[in-house]
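Visitor: I'd like to learn how to read a model like this one. Could you take me through it feature by feature?

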Amino acid sequence: MLGDMTFFERLAARIQETDSRVCLGIDPRPEAHPLTHPDRFAGDPAQVAKAAVYYFQAILEATAPLVACAKLQAAFFEVLGIPGLIAMAQLIADLKARGVPVIVDAKRGDIGSTAEAYARAYLGDGVFGADALTVNPYLGGDGLAPFAEQAARAGRGVFVLVRTSNPRAAELQDLELRGGQRLYERVAESVAALAEGCRGGARYAPVGAVVGGTAPEALAALRARLPHVWFLVPGYGAQGGRPEGVAGAFDAEGLGAVVSSSRALTYCSDGADFAERAREAAAEMRRAINRALGGR
Ligand SMILES: O=c1ccn([C@@H]2O[C@H](COP(=O)(O)O)[C@@H](O)[C@H]2O)c(=O)[nH]1
């Protein structure tokens with residue numbers, strides 16, 4: 001719980017407080033900036049991880065008032081081993097101390113009893129303590145249920161992969177099933193059922209969906225079909241997602257979605273001005289999305 005509000009209630013309030021629908025993507029790529037480059041530290045993962053924490057703390061200081069939430073990509077922390085996991089836990093704590101809701105993008109999914117352990121690891125109080133987690137639906141309902149149950153119990157959230165942003169997402173996700181429905185539409189139907197099952201009359205279910213900003217038609221169609229489900233929209237900026245394309249993710253009040261961007265916000269400069277440039281990029285992304293929403 002974030003105070004006495006659920007994750008999605010807090011996300012809605014935070015959008016209103018910051019007038020921002022931007023989700024700051026935290027994907028440490030140490031080789032992408034001289035300050036964190038592994039060569040500086042003879043490749044020592046503990047020092048690289050420390051430098052990455054310093055780098056992103058500076059970015060947080062500069063951008064926190066301009067973003068609705070943040071999304072940490074677990075892969076970039078895992079690749080640094082134990083120091084990377086400690087760095088992830090540190091940044092989650094820093095974000096929470098600033099009141100910025102935290103999504104961990106780990107795309108977890110497994111048989112029910114294992115999913116239950118993943119759910120406790122990320123959405124329990126003890127280990128990482130994220131506010132929300134991305135999850136993979138391809139094990140079926142018994143693989144998803146433990147995540148939804150843990151999120152509902154703890155006032156947190158999950159985002160189920162529905163239609164991803166990558167170039168070859170359509171290979172499987174757009175496959176037509178018998179009757180003409182696409183596979184991602186079938187997944188969206190399961191998400192709607194799961195969300196309804198744990199919404200309990202609240203405005204927002206604890207179950208959301210990942211829908212890529214590179215698939216504007218899918219975004220708009222799914223928005224209409226999933227009125228109580230929040231969307232996490234990656235793929236903005238570096239992958240080609242544009243403000244007009246992501247506008248369809250939002251409801252009539254300009255809520256219901258956050259748009260995430262990692263490289264295009266956090267790696268805009270090779271110089272010492274990297275945090276200031278991130279601030280400018282976040283401000284511009286906020287402005288562009290709000291303009292595309294036309295006052296919603
Ligand atoms: O469909 C998806 C789901 C997740 N991602 C993740 O979002 C970021 C995108 O990074 P950019 O630098 O803004 O391209 C990254 O962590 C992906 O793993 C996604 O891109 N698409």
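Visitor: Which residue in E2 is the bridge partner of Ile26?

Guide: Strands of a sheet pair through backbone hydrogen bonds, either parallel or antiparallel. In E2, Ile26 has Leu72 as its bridge partner. Strands E1 (residues 22–26) and E2 (residues 69–73) pair in the parallel sense over four bridges. Two strands count as paired if DSSP finds at least two bridges between them. The strands (E, at least two residues) and helices (H or I, at least four) are DSSP runs, numbered from the N terminus. This is a predicted model, where local features need pLDDT of at least 70 and side-chain atom pairs count only at pLDDT 80 or more, while totals for chains, interfaces and linings use all residues. Residues are numbered from 1 along each chain as its sequence is written.

Visitor: In what order do the eight strands close into a barrel?

Guide: The order is E1-E2-E3-E4-E5-E6-E7-E8, with parallel pairing. From one strand to the next, the twist averages 30 degrees. Axes here are lines fitted to C-alpha atoms, for helices over the stretch in contact, and angles run from 0 to 180 degrees between N-to-C directions.

Visitor: Which strands does helix H6 lie across?

Guide: Helix H6 (residues 141–154) lies across E4 (132–135), E5 (157–163) and E6 (207–211), and runs at about 145 degrees to E5. Helix H12 (residues 274–293) packs on the sheet too, touching E1 and E8, and its direction makes about 145 degrees with that of E1. For contact, two residues need C-beta atoms, placed from the backbone, within 7 Å.

Visitor: What does the UniProt annotation say about Lys107?

Guide: The unreviewed UniProt entry annotates Lys107 as "active site". Such annotations may be inferred rather than shown by experiment; feature names are shortened, and positions are given in the numbering used here. Lys107 sits in strand E3 (residues 102–108). Leaving aside neighbours within four places in sequence, Lys107 contacts Thr134, Val135, Asn136 and Leu161. Lys107 counts as partly exposed because it has 17 C-beta neighbours inside 10 Å; 20 or more would be buried, 12 or fewer exposed.

Visitor: How many residues surround the ligand, and which are the closest?

Guide: A residue is near a molecule if its C-beta atom, placed from the backbone, lies within 6 Å of it. Here 19 residues surround the ligand, the closest being Gln73, Thr164, Pro234, Ser262 and Arg263. Strand E8 (257–261) and helix H11 (263–266) each supply at least two residues of that shell.
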